[in-house]
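Here are my notes on this model, point by point. Please read them with the coordinates open.

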Amino acid sequence: MMIDKRLVGMVPDSKKYIAGNVVLMWCSLVANIVMMSGIALLLQKLFFKTADSRDIVLFAGLVAAVNVARYFLTTGASRMSYLSVRAVKKTLREQIYQKLLKLGMSYREELKTSEIVQVAVEGVEQLETYFGAYLPQFFYAMAAPLTLFIVLLSVSVPAAVLLFVCVPLIPVAIALVQTWAKKLLSRYWDQYTALGDTFLENLQGLTTLKVYQTDGIRHAKMNEESEKFRKITMKVLTMQLNSITIMDIVAYGGAALGIVVALLQYRGGHTGFGGCLLIILLSADFFLPMRQLGSFFHIAMNGMAASGKMFRLLELKEEPQEKKQEIPDTEALIRLDEVCFSYEPGREILHDISMELKPGSFTAIVGESGSGKSTLASVLTGQNKRRKGTLTIGGVDFDDISEESRMRHITYVSHNSYLFGGTVRDNLLMAKPDASEEELWRVLEQTKLSDFLKSEQGLDTVLTAQASNLSGGQRQRLALARALLHDSPVYLFDEATSNIDVESENDIMEQIIALAQKKTVIVISHRLANTVTADRIYVLADGKLAERGTHEKLLEKRGVYASLWNTQQALEHIEKEETA
Ligand SMILES: Nc1ncnc2c1ncn2[C@@H]1O[C@H](COP(=O)(O)OP(=O)(O)OP(=O)(O)O)[C@@H](O)[C@H]1O
């Protein structure tokens, strides 16, 4: 109940450090007993005036030796604590990281990013006390009263028994609080991660909030959440303080009782003066380890509550990659048969989509806003896995293909591909780590970025996070350059030219169309003029496949595509007239 076996099992390395810590603390206790016995003996001799200078010197030597020994023992115990904490942090964070890698692109279907960050940072931090202090103290708190009991048995049996019997009252008090504490701490963590999520969202969208001047409303909402968090934090602290008070009453009450018994025993002549003194000096030591365990327990409980969230992450089902296959060849046909997809139960977004994406072909997926184009792209790239129907690449079921093979096969470029802080070179080499300078410049020339970069620091031009120091067009050009370098058989462009200037759009489309001569290219675009040369155009309407064919054939049909085309042409015509 008080030890989470699963948690300890996760960091087997920590066991030896915990054991070492307990042994060192126990040795320190023995040294203390020796010193207290020395004090009791000296005081007895002083009281009965039998002490001589030799006794004083001997006693001084004993005190010095014990203190030196205790210094080393305590330092050793702290070192053990540090080593076990280090093992815990390293192992758990490594496991979380590996898990995220194994979960692959679809991890966001299960957990929020902010939750993962909080668990991996704060959650693991909370476990520091559990492994470094609570667990060793747990075993020490058992060993210490037993040792003292055995020592004091030879001094006074009733006092030793009474003190020993009172010690378990502390764990009983802890256990009583535990059930309540567990629920409270679980709520505390839920509230904490919820607040973290809101904070991250508001921070990321701060500019938008400022633009629409809704930051005040969000601020008020966050204050509400913070207030809830404050309240639950206060509840947790109250619970901790109350239970510490109970433990203090038991600990110091028990020690006082032991002292009373020792005095009664002395008065009754059952114990000597020195024995009585020894009981008085050691009685608090019976309880202090348990009392200390009680204070660590509350922090450890918090860590255990955090570990609940951590286990939830670590237990998420992952697909074993070993059994996965490679895509048989680069000329593989991508086939969808009656594919359906829902983000949430009861609201299907894609309905019975069947299509064939032939190797070396240029396919376009078009449709009105909200018709499901991006959803289809996320299914094709494995970001959303909860689909129904069949999706195969080269005859192999999509789910049986390893993520690595899929990533090598399909390069996905969205309208906001992530560019990392660092240099242009760093971002490009991500796609092909062994690319030569010439290769890097070639893709930059293709995407017409080379002149601009030459006027800066070339490949060493520094980018801020998300390349926010580049223009929208430049960002998309760089994302395209990186994709071209990746050299995969299939390219999927999801609105890769949206929200950028016309010149960049034309340049990028020119490169995409050239790419379609050599590779399988799928273009999702709201602008039909970009995809007129496609070998096949799939038209989506309300998540269904409404039409398919070439641009000319679709115009002849005078259906959804033709009407979309005519509307866009008319709009573009008006735009041209207005700018003329
Ligand atoms: N993460 C999500 N969770 C729930 N519903 C979603 C999610 N993403 C998209 N949808 C819903 O799926 C539907 C299709 O959206 P999708 O983004 O695929 O359309 P689209 O054709 O790409 O639109 P656009 O051209 O505007 O980008 C929409 O009704 C949208 O509300």
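**Notes on the model**

1. Start with helix α10. Its buried residues are Lys373, Thr375, Leu376, Ala377, Ser378, Val379 and Leu380. That is seven of the eight residues of α10, so the helix is largely enclosed by the rest of the structure. Gly382 follows α10 and has a positive phi, near 80°. Bear in mind throughout that this is a predicted model.

2. Is Ala377 buried or partly exposed? Ala377 counts as buried because it has 20 C-beta neighbours inside 10 Å, and the cut-off for burial is 20 or more. Leaving aside residues up to four places away in sequence, Ala377 touches Leu492, Asp494 and Ile524. Phe493 is 116 residues from Ala377 in sequence, yet their C-alpha atoms are 8.7 Å apart.

3. The overall make-up is as follows. The protein has 18 helices and twelve strands. Of its 580 residues, 35% are buried. Consider contacts between residues at least 6 apart in sequence: 78% of them join residues at least 24 apart.

4. Helix α2 deserves a look. α2 covers residues 14-47, 34 residues in total. From first C-alpha to last, α2 reaches 49 Å, close to the 50 Å expected at 1.5 Å a residue. Lys49 comes after α2, and its phi is positive, near 55°.

5. What is buried in α2? The buried residues are Ser14, Tyr17, Ile18, Asn21, Val22, Leu24, Met25, Ser28, Leu29, Ile33, Ala40 and Leu42. An α-helix has 3.6 residues a turn, so residues three or four places apart point the same way. The cover over the buried residues of α2 includes α3 (53-103), α4 (113-153) and α9 (273-314).

6. Next, α2 against α4. The two helices pack at an angle of about 35°, with their axes 9 Å apart. The crossing is right-handed. On the α2 side, the contact uses Ser14, Ile18, Asn21, Val22, Met25, Trp26, Leu29 and Ile33. On the α4 side, Phe131, Leu135, Pro136, Phe139, Tyr140, Ala143, Ala144, Thr147 and Val151 meet them. By class, this contact has 14 nonpolar, three polar and no charged residues.

7. Tyr140 lies in helix α4. Tyr140 counts as buried because it has 25 C-beta neighbours inside 10 Å. Tyr140 touches Val22, Met25, Trp26 and Pro289, not counting residues up to four places away in sequence. The C-alpha atoms of Tyr140 and Met25 are separated by 7.0 Å, although the two residues are 115 apart along the chain.

8. Phe199 is in helix α6 (residues 169-204). Phe199 is partly exposed, because 14 other C-beta atoms lie within 10 Å. Ser226 is 27 residues from Phe199 along the chain, and their C-alpha atoms are separated by 9.9 Å.

9. Finally, check the backbone at two further places. Most residues other than glycine have a negative phi, and most peptide bonds are trans. Asp352 has a positive phi, near 40°. Asp352 sits in strand β2 (residues 347-357) and counts as partly exposed, with 15 C-beta neighbours inside 10 Å. Lys448 also has a positive phi, near 55°. Lys448 lies in the loop between α13 (437-446) and α14 (450-455). With 19 C-beta neighbours inside 10 Å, Lys448 counts as partly exposed.

Terms used. Residues numbered from 1 in each chain as written. Predicted model: local features only at pLDDT ≥ 70, side-chain atom pairs only at ≥ 80, totals over all residues. Helix = DSSP H or I, 4+ residues; strand = E, 2+ residues; numbered from the N terminus. Buried ≥ 20, exposed ≤ 12 C-beta atoms within 10 Å, placed from the backbone. Expected span 1.5 Å × (residues − 1). Contact = placed C-beta atoms within 7 Å. Axes fitted to C-alpha atoms, helices over the stretch in contact; angles between N-to-C directions. Left-handed = near helix turned anticlockwise from the far one by under 90°. Nonpolar A, V, L, I, M, F, W, Y, C, P; charged D, E, K, R; others polar.
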